Every structure is written in structure tokens, then in C-alpha cells.
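Work through the exercises below with the model open. Each task is followed by its solution.

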Amino acid sequence: NGAIPQAVTGIHHPAGDPKKISMENDPLTSTVYLQNNTNPNAGQWRVADWDSGTTEGGSSGSPIFDNTTKRIVGMLSGGFAACGNNSADWYGKFSFAWNNNGATNANLRLRDWL
């Protein structure tokens with residue numbers, strides 16, 4: 001629905017490693033990929049820094065789950081988080097992809113494929 005997640009959990013397999021779990025206990029920011037500004041209509045969620053765990057290369061495409069609803073709210077697009085740093089990650093909004101910002105072409109909307 002596009003509501004700002006207040007806390008999220010990511011499950012991923014960085015570089016083919018066994019399953020890793022990362023947790024963010026602060027609200028996410030709606031923004032544009034690789035930008036830090038706030039834009040409520042943008043298509044990305046920004047995790048400013050992970051409170052527990054992190055992502056690394058190979059985690060792209062993995063989901064984050066809203067801790068309250070237990071539903072997927074995003075797919076990892078990229079970022080700078082890695083072991084040894086406290087950098088941000090960006091996740092494509094599932095709610096944005098569902099309708100692709102109002103796209104009329106069914107090939108561009110996730111809802112037509114799930």
C-alpha cells in the first residue's frame with residue numbers, strides 16, 4: 001500500500017553465502033535510487049543503516065519484510081552497505097512496482113504477473 005515501514009527485516013544470500021538476516025528498527029525513507037532526499041512519490045525505500053546485519057554484493061533482488069504486516073515491501077536494488085561499514089541500501093518499492101506508477105501496459109506491472 002506504500003505506507004512507510006517503521007521497521008523491516010531483510011533475508012538474503014550475499015555472494016551465494018548461506019542465508020543472512022538483516023534488521024532495521026527505524027522508519028524507512030521514500031526516495032529516488034542512490035539519493036538521500038525524501039520524496040513520498042519516489043519508487044525506492046532507503047535503509048539508512050542496518051541495526052543488525054548488513055547486505056553485500058549478491059543480495060540484490062532480495063526482499064525486505066515490514067515487521068508489522070509481515071509482507072514484502074521492497075526488493076534490493078543496490079547500495080553501499082557491506083561488512084565493516086554503516087552505509088545505505090535502496091529497495092524498489094513493491095507497491096510502486098505493483099502498478100508501475102499507473103502504467104497501462106500490463107507488461108510493465110507486477111500485478112499482472114503475480
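Strands are DSSP runs of E of at least two residues, and they are numbered from the N terminus. By that numbering, Leu34 sits in the loop between β3 (29-31) and β4 (44-47). The model is a predicted one.

**Exercise 1.** Find where confidence is lowest and where it is highest in the chain.

Solution. Start with the whole chain: the mean pLDDT is 92, and 100% of the residues score at least 70. Then go by element: helix α1 (residues 94-99) has the lowest confidence, with a mean of 90. Strand β5 (residues 63-66) has the highest, at 98.

**Exercise 2.** Classify the ring pair Phe80 and Trp90, and state whether each residue is buried or exposed.

Solution. The structure contains 4 aromatic pairs. For this one, the ring centres are 6.1 Å apart and the planes stand at 90°; planes over 60 degrees apart count as edge-to-face, so the pair is edge-to-face. Phe80 belongs to the loop between β6 (72-79) and β7 (89-93), and Trp90 to strand β7, 10 residues apart. Next, accessibility: Phe80 has a relative accessible area of 51%, and the limit for exposed is over 50%, so Phe80 is exposed. Trp90 has 2%, and buried means under 20%, so Trp90 is buried.

**Exercise 3.** Which residues form a nonpolar patch on the surface?

Solution. The members are Val32, Tyr33, Leu34 and Phe80, with about 350 Å² of accessible area together. As a check on one member, Leu34 has a relative accessible area of 42%, which makes Leu34 partly exposed.

Note on methods: Residues are numbered from 1 along each chain as its sequence is written. This is a predicted model: local features need pLDDT of at least 70, side-chain atom pairs count only at pLDDT 80 or more; totals for chains, interfaces and linings use all residues. Side-chain values use heavy atoms; hydrogens and water are left out. pLDDT is the predictor's confidence in each residue, from 0 to 100. Helices (H or I, at least four residues) and strands (E, at least two) are DSSP runs, numbered from the N terminus. Rings of Phe, Tyr and Trp (its six-membered ring) pair if their centres lie within 6.5 Å; planes under 30 degrees apart count as stacked, over 60 as edge-to-face and the rest as tilted. Buried means under 20% relative accessible area, exposed over 50%, partly exposed in between (1.4 Å probe, protein chains only). Patches are made of residues with over 30% relative accessible area and no salt bridge: like charges are joined within 9 Å, nonpolar side chains (Val, Leu, Ile, Met, Phe, Trp, Tyr) within 5 Å. Accessible areas come from the Shrake-Rupley method with a 1.4 Å probe; for residues, only the protein chains shown count as cover. A salt bridge is a side-chain nitrogen of Lys or Arg within 4 Å of a carboxyl oxygen of Asp or Glu.
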